[in-house]
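Please open the model in your viewer and keep the selection panel at hand.

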Protein chains: 2
Amino acid sequence: MNQQDQWERYKKYLDFHPEIGLMVDISRMAFSDDYFDLMEPRIQKAYRDMDALESGAIANPDEKRMVGHYWLRAPDLAPNPQISLDIKNTLCSVKNFARDVHRGEIVASNGKPFSCILLIGMGGSALGPQFVSGALRTSKDPMVPYFFDNTDPDGMDQVLTEIGDGLSETMTIVTSKSGNTIETRNGMLEAKAIYESKGFSFEKHAVMITESDSHFDRIAEKENWLARFAVWDWVGGRTSETSAVGLLPAALQGIEVDGLLEGARLCDQVTRRKETRTNPAALLALMWYHATGGRGKKDMVILPYKDRLQLFPKYLQQLVMESLGKEKDLAGQIVNQGIAVYGNKGSTDQHAYIQQLRDGVNNFFVTFIEVLKDRQGVSLQVDPDVASGDYLNGFLQGTRRALWEKGRESITITIERIDARSLGVLIALYERAVGFYGSLTNLNPYNQPGVEAGKKAAALVIQLQTEALSFLRQEKGKSFTAEEIASAIGLKEEVETVFKILEHAAANVDHGIKKISATPLYHSKYRYAP
Amino acid sequence: MNQQDQWERYKKYLDFHPEIGLMVDISRMAFSDDYFDLMEPRIQKAYRDMDALESGAIANPDEKRMVGHYWLRAPDLAPNPQISLDIKNTLCSVKNFARDVHRGEIVASNGKPFSCILLIGMGGSALGPQFVSGALRTSKDPMVPYFFDNTDPDGMDQVLTEIGDGLSETMTIVTSKSGNTIETRNGMLEAKAIYESKGFSFEKHAVMITESDSHFDRIAEKENWLARFAVWDWVGGRTSETSAVGLLPAALQGIEVDGLLEGARLCDQVTRRKETRTNPAALLALMWYHATGGRGKKDMVILPYKDRLQLFPKYLQQLVMESLGKEKDLAGQIVNQGIAVYGNKGSTDQHAYIQQLRDGVNNFFVTFIEVLKDRQGVSLQVDPDVASGDYLNGFLQGTRRALWEKGRESITITIERIDARSLGVLIALYERAVGFYGSLTNLNPYNQPGVEAGKKAAALVIQLQTEALSFLRQEKGKSFTAEEIASAIGLKEEVETVFKILEHAAANVDHGIKKISATPLYHSKYRYAP
């Protein structure tokens, strides 16, 4: 295809929505001219599935749950008045709480205004807030956010060191939909210990976001925390950015949450339309299907050319992979579906792996994200009549072209600027594209059955640790190999895990375990010698 | 295979090197028992290739260059005395410079000690320093680093806002091996303008790291910058962490660069051995080959269970993908090789995509990175005799097990702790594994021919912009569509790029371009109206 034909194809498929400032270009995807006709029955089914979901059907059949993230920005669409009211009330309480904090009506235990947030959460409880916070932060934000997003002790120490004396003015938000996420529990306990070691009352600095009457909710209630906000079983963690999970930290940081909600709501309106060629979420889902053969054959590389969007690929990695990476389809057939997602930002990533994308294994398609507005104010001219942002844009266009020359496909999404509204648009766009893709492939995008296995296996490791340490403590001073310990506790078959546990325990001071090294290493002995 | 057999296999293949605190476990890779015998002739060839490279052969034939990153930590191995001397002298000057800065003998233009670094660099010039800096930062560091790693104007503004008044005490390090990286040039000009707008003399705050007599080197020499440090054509960007590129910012931050070098040197010694089963870099390369069929059939997912290593997957993404993602092999055959790399950190990523890894498309293998030491000091008990770090380790072991139950392969690399030495080990380990893998697949891992195409295409975009803007300026006040402008400048076939350029220009104030929107969007008109 010559460049003129390419321009005709560009014009033919260009999808532009001025009301949400969104443009989607699929002209560099090599689908055939009859592709849309062929797929129309299937995408119409996806629209019907989505209508049913939005009307309150049990769209997550495994967990017997409704899927309601679209109601969060249009509460009157919720399937019953109680849900509408819950959403409105929670939004209202989020905004009131943030206002009272900003006005100094809710203050830290030392009477000073809160100036920092420590958000403790995992997965959807952290990634959305991290993405939005990073994308919209300014030097004038009333509160600066920090995150515990792991159970790494040293990582927590690093964050606490960074907060430093600011801890006295730090509000800790604990977020866990289920109210029993173990990493979040650990972070909460570590944070509490630090507050108390400095003489601050943790509960006067602590806010909980969780499902009503969950384990965490009861803790927060009993301890009389500063505030509690609700999420509901019909909100999934990875689609919770427009619930209190995302809105509360955003509002506290000074982000215009109404803009975020409006962007999402307007994008939802656009992507509810049944005319496929002008439905940007349907276009994305169909392009993913085209690129991956509906079977995850290609990776999705996300390249926003904007530093503020650097966490968007990671956010999408969670949204797409956890939603679409499934063993079975809705009919119970084993399908091992999914699309791998990676990427950071352009043009930086060009220096990391465009070499492979252009020349190497063709196992991916790129989604470029273009932001038209370069910066606040006027730019320096780095060459006559050329600004740094012109180069940024030039690298995007140039890379798209260089990839296409080699038969590498790409989608380009264009937004006008980065603000709360455009982030709401992007979030809603991908939420719906994932839903459509689930219908195209007959998956349940709203469950995550595979996550449990790792958690259970981890619980087994902790249990083994308890048994191994308890044995060594009883035999205080005597030394044993991992094989001997595993036998002694009656779990010979778990010797490898016991060995790993002891290696870890001996490297730390906490359990009083000392190691007598041997060669080979697995002949080393361990003893309790506090 | 039952767990007992698995333990026997674990013991059989466990590779442990106490002298570098490194353990590599390949027991969860499903290679056959005869795999090592089958591959032995090929890996022996890889050792010979590596010996030749280390002796100064032209190991990068396209660019007719030696490949010398191993000499950087063992200068006496360099193929001639001049290179040895260059390495030693540069290391000496890096350390002396950092010492003089820390002692206040080299100070900012206002006479104060330098307290911040602004490192301007792309790709290898930024990722290594970012990784090492993030992994080793402490609250007592004498200098705090910031980075320009893109040509995003708003991104630069954000960094400068963060530095704020600290700019008066900020040393800017400009790093570009070639001395003509355009993004770096733009960052340098933007930084210079800010220094000057605040009344500081840029050259008194500026340090250059580049090849001798490059374009940038001549600028720094002419403007009499604070200091200049050399890199050489035999150091690749993605393997430059143990050159001045990595060592200077590390030394200034207060990192023990001798430890970094020693770790790398000792790891090089270990990975030079020809006994495959005890050569950890050979084990990695062979496992990659096993997993990907030597053809990039699977993605490499890197999961360090340690917040400080969060940037290591990104660092490896560059090292592996840019080195191995190649169109042609050394025989000139088209092979479209490469291995896609992604990952962030565990257990955080478990909440993002372990769902897909366990249940979804089996197109990956995981490398877990385990760090035995949890934190400085004693841990809180979050459960009786259980610390947060026990859970972190438990999640690693549990996830490895849950994946293996489903036939998903993994490698586990264990290091004792995070320090300069262990980072040196990890960097050297992967540098050599990439080199070995290149030999196994008959690739040149040291060139990047595909990168040029994107740069050239970007230069064309900038040239088109200049022509389009120049036309509109001549026709001041008159309005034209993109098609009209492309025709008028005699580049009808470039209309799509012209359209994209104008959309971008009209969204910014810099070029005086106004847009008259139309439907469809590509019928919009643009005019020069400053």
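Begin by selecting the contact between the two chains, which takes 139 residues from chain A and 138 residues from chain B, contact meaning heavy atoms within 4.5 Å. This is a predicted model, in which local features need pLDDT of at least 70 and side-chain atom pairs count only at pLDDT 80 or more, while totals for chains, interfaces and linings use all residues. Residues are numbered from 1 along each chain as its sequence is written, chains are lettered from A and ligands numbered from 1 in the order in which they are written, and side-chain values use heavy atoms, with hydrogens and water left out.

The area buried between chain A and chain B is about 12,700 Å², and carbon and sulfur atoms give 52% of it; buried area is the accessible area (1.4 Å probe) that two parts lose on being put together, summed over both. Between these chains the count is 28 salt bridges, each a side-chain nitrogen of Lys or Arg within 4 Å of a carboxyl oxygen of Asp or Glu. To see a salt bridge, select A:D383 and B:R185, whose side chains meet at 2.9 Å, N to O.

The same surface serves both copies, since 99% of the contact residues of chain A recur in chain B.

Now move to strand β10 (residues 364–371) of chain A, where 8 of the 8 residues are buried, so the strand is largely enclosed by the rest of the structure. Buried means under 20% relative accessible area, exposed over 50%, and partly exposed in between (1.4 Å probe, protein chains only); strands are DSSP runs (E, at least two residues), numbered from the N terminus. Colour A:F364, A:V366, A:F368 and A:E370 for one side of β10(A), and A:F365, A:T367, A:I369 and A:V371 for the other.

Which strands flank this selection in the pairing? Strands pair if DSSP finds at least two bridges between them. Strand β8 (residues 299–304) of chain A pairs with β10(A) in the parallel sense over 6 bridges, and A:D299 has A:F364 as its bridge partner. β10(A) also pairs with strand β13 (residues 410–415) of chain A, in the parallel sense over 6 bridges, with A:I413 as the bridge partner of A:I369.

Finally, select A:W288, which, leaving aside its neighbours within four places in sequence, is in contact with residues including A:M300, A:F365 and A:I411.

Terms used
Helix = DSSP H or I, 4+ residues; strand = E, 2+ residues; numbered from the N terminus.
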